[in-house]
Amino acid sequence: MPLHMTKIAFAAQSPADLRAWLESHAPFGEARLTTRYVPKRQEEMVGGSLYWIFEHALIGRSPILGFEQRESDGRWHIRLEPRLIPVVTKPKRAHQGWRYLKDEDAPRDLTDGEDSGDIMPPKLARELMKLGLV
């Protein structure tokens, strides 16, 4: 089973904004995020995804293509497929940087014909989490 990671969709104003940013990198074949350190468990992430956190909920994922070190400053690129695959919304607290996510803890992808509007909105999921109901 692959290992995944989670990361806040930092400058995104909405899931559509995140999707647009990812898709804008399609001509390059990949989207890149920069991180200071490479994950120690990067080999386990082959076949894994980066799950995006927006408004304290996991809302989608981007498959991980690999990791590449920048020559200029030693930082690392997280190489992603330039697409956002919607998942069933799952509450997730915000954090700095990235965190690992086991495959069994990852939310499932939305099926064909299933709309994200059929799934609990992130704000409601967060409120239910605060109340201990999710």
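Biologist: Is His-4 buried or exposed?
Modeller: His-4 is buried at a relative accessible area of 4%, where buried means under 20%, exposed over 50% and partly exposed in between, using a 1.4 Å probe and protein chains only. This is a predicted model, in which local features need pLDDT of at least 70 and side-chain atom pairs count only at pLDDT 80 or more, while totals for chains, interfaces and linings use all residues. Residues are numbered from 1 along each chain as its sequence is written, and side-chain values use heavy atoms, with hydrogens and water left out.

Biologist: Which residues is His-4 in contact with, leaving aside neighbours within four places in sequence?
Modeller: Among them are Met-45, Tyr-51, Tyr-100 and Asp-103, contact being heavy atoms within 4.5 Å.

Biologist: Switching topic, how many salt bridges does the structure hold?
Modeller: There are 8, each defined as a side-chain nitrogen of Lys or Arg within 4 Å of a carboxyl oxygen of Asp or Glu.

Biologist: What is the N to O distance for Glu-30 and Arg-32?
Modeller: Their side chains meet in a salt bridge at 2.6 Å; Glu-30 is buried at 13% relative accessible area, whereas Arg-32 is partly exposed at 33%.

Biologist: And what about Arg-83 and Glu-81?
Modeller: Those side chains form a salt bridge of 2.5 Å, N to O, with Arg-83 partly exposed at 38% relative accessible area and Glu-81 partly exposed at 24% relative accessibility.

Biologist: Which residues do salt bridges with shared partners join into one network?
Modeller: That network consists of Glu-30, Arg-32, Glu-68 and Arg-79.
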